[in-house]
Every structure is written in structure tokens, then in C-alpha cells.
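Have the sequence and the 3D view ready as you read.

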Amino acid sequence: MGVRLIIMGPPGVGKGTQGELLAERFGIPRLSTGDMIRAALSAGTPLGERVRVYYEAGDLVPDDVVLGLIAEAFDGPETAGGFLLDGFPRTVAQADGLGELLAARRIELDAVLSLEAPEQELVERISGRRVCEACGLVTHVRAVGDDAPCPACGCSLIQRSDDLAETVRNRLSVYREQTEPLLAYYARSGTGLTAVDGLGTKEAIRDRLLDALRRAETAA
Ligand code: ADP
């Protein structure tokens, strides 16, 4: 039986990094709406062009767009053995839409994990984040220094267009207003919500998430 998870948390908390570690561990795909949107933007698809203004301002793209992306993934073969949702849902409407998609397919969630960190740390993590244009590596100026090449492939590291300071502040307030209410939403749901401290090393956080998952499974 595969694992079916949501990983939630504010921008910069490390959902992507941890989501990848968990997905690898369980052999399930990580469905990141942020990555899907970035792929559409860089390929210049009509969907990408439709969402560019929202993305670059740090606003949420319309609910129907992300629900469509997720519905498509659920109808493909790759999610049959489980999945990890990263960065979705982000609004109550998306959570309701997800509930309908799951019910129609008779799928139940195993856990909703919420990764937490203080706002000061989030701003610092996001503003120092750099990504490799060529190989996709995600790193931080703390690790590689300013203007350094990619430590994995030697190509240039760039800042994500939505990681610029003004946009980061908007993303955090969008999170507080639109996404944070989902913590109570899932805490009240049958699946429940498991909060995990997002401060520490990558490995320490991964182990905490794995523990939390075991607790969630025993409680279910
Ligand atoms: P982060 O969690 O660090 O903000 P993501 O890659 O998850 O990074 O999201 C980046 C941007 O992509 C968001 O600011 C938003 O514009 C868009 N996006 C991603 N997922 C969603 C979603 N579920 N609903 C609406 N917009 C989304």
C-alpha cells in the first residue's frame, strides 16, 4: 500500500527539500504545484502565460488552474501507488476541491504534515536561496557564498523571480491570510494535522517528519 500525504507550511520552510526526501523514501511521486507552474512558465505554455503575473507578484494563481493540474496528475498512472502533495492545497477552495477529487476516486489521505519555522528564519532562507539554471540544484548563499557557480555542475546560480525581497513579503502575507486557515481545517478533519518543527539540519527534520508520520499512522 502506498502512502498518501500532504506537506504544508509557509514559503521557505523547506517543504520542497523535505518533500523530495520523503517521496524518495516511500517511492512515491512528489506533486509540487509550484514546480508544475515553473515548468509551464519556462516552457511558455498558454497556462504559463496565464499565471505569470500572479506568480511574479507572489500571489496565488487561480484555484481552477492548480486543481486542474492536480486532477490531471491523479488521473495518470504515477499516483496509483501513493503521492505527496507539496504546496497544494493553499486555499480553503483548493482543499474542498481536493476533497472532492479524492472522494470521487475513493482515495483517503494518510497524513497532513505541517512544517513550522519563525518568520525571521523564513525571510532569511528565501532571500538567500539560489537555484541552478542547468541542473535544478537548490542551495543557499550561506552554503556557497555570493555569486558562486553551481557546486554540482558549475553553471550559474540564479535567484527565483518570486524570491526577490518585496515578493517574499507578499508571499508570507498571502500565506497567513489564505493558507494558514487550512491548518485548523485539517486539524478538524478525519485525517488530522501533525505539526513538525522545521528548524535544524535536513536530516534532523526528515527524521522528525518520519516520526510524525508513524504517530499519525498509529493514531489512524
Ligand atoms: P513557496 O512554497 O516557497 O512559496 P512554491 O514553489 O510552492 O514555493 O510556490 C511558488 C508560487 O507558485 C506561489 O507564490 C504561487 O504563485 C504559485 N503556486 C504554487 N502552488 C500554488 C497553489 N496551490 N495555489 C496557487 N498558487 C500556487
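## Two packed helices

Helix H3 (residues 46–57) packs with helix H4 (residues 63–75) at an angle of about 140°, and their axes are 11 Å apart. H3 is therefore oblique to H4 (angles under 35 degrees count as roughly parallel, over 145 as roughly antiparallel, 65 to 115 as roughly perpendicular and the rest as oblique). Axes are lines fitted to C-alpha atoms, for helices over the stretch in contact, and angles run from 0 to 180 degrees between N-to-C directions. Helices (H or I, at least four residues) and strands (E, at least two) are DSSP runs, numbered from the N terminus.

Which residues make the contact (heavy atoms within 4.5 Å)? H3 brings Leu47, Arg50 and Val51, while H4 brings Asp64, Val65 and Leu69.

## About the model

This is a predicted model: local features need pLDDT of at least 70, side-chain atom pairs count only at pLDDT 80 or more, and totals for chains, interfaces and linings use all residues. Residues are numbered from 1 along each chain as its sequence is written, and side-chain values use heavy atoms, with hydrogens and water left out.

## A three-stranded sheet

Now to the strands: three of them form an open sheet in the order S6-S5-S7, with antiparallel pairing (two strands pair if DSSP finds at least two bridges between them). Strands S6 (138–140) and S7 (157–158) are at the edges with a single partner strand each, so one side of each has no neighbour in the sheet.

S5 (residues 129–132) and S6 run antiparallel and are joined by three bridges. Arg129 has His140 in S6 as its bridge partner. Helix H6 (residues 119–127) packs on the sheet and touches S5 and S6. The direction of H6 makes about 30° with that of S5.

Technical notes
Contact means heavy atoms within 4.5 Å.
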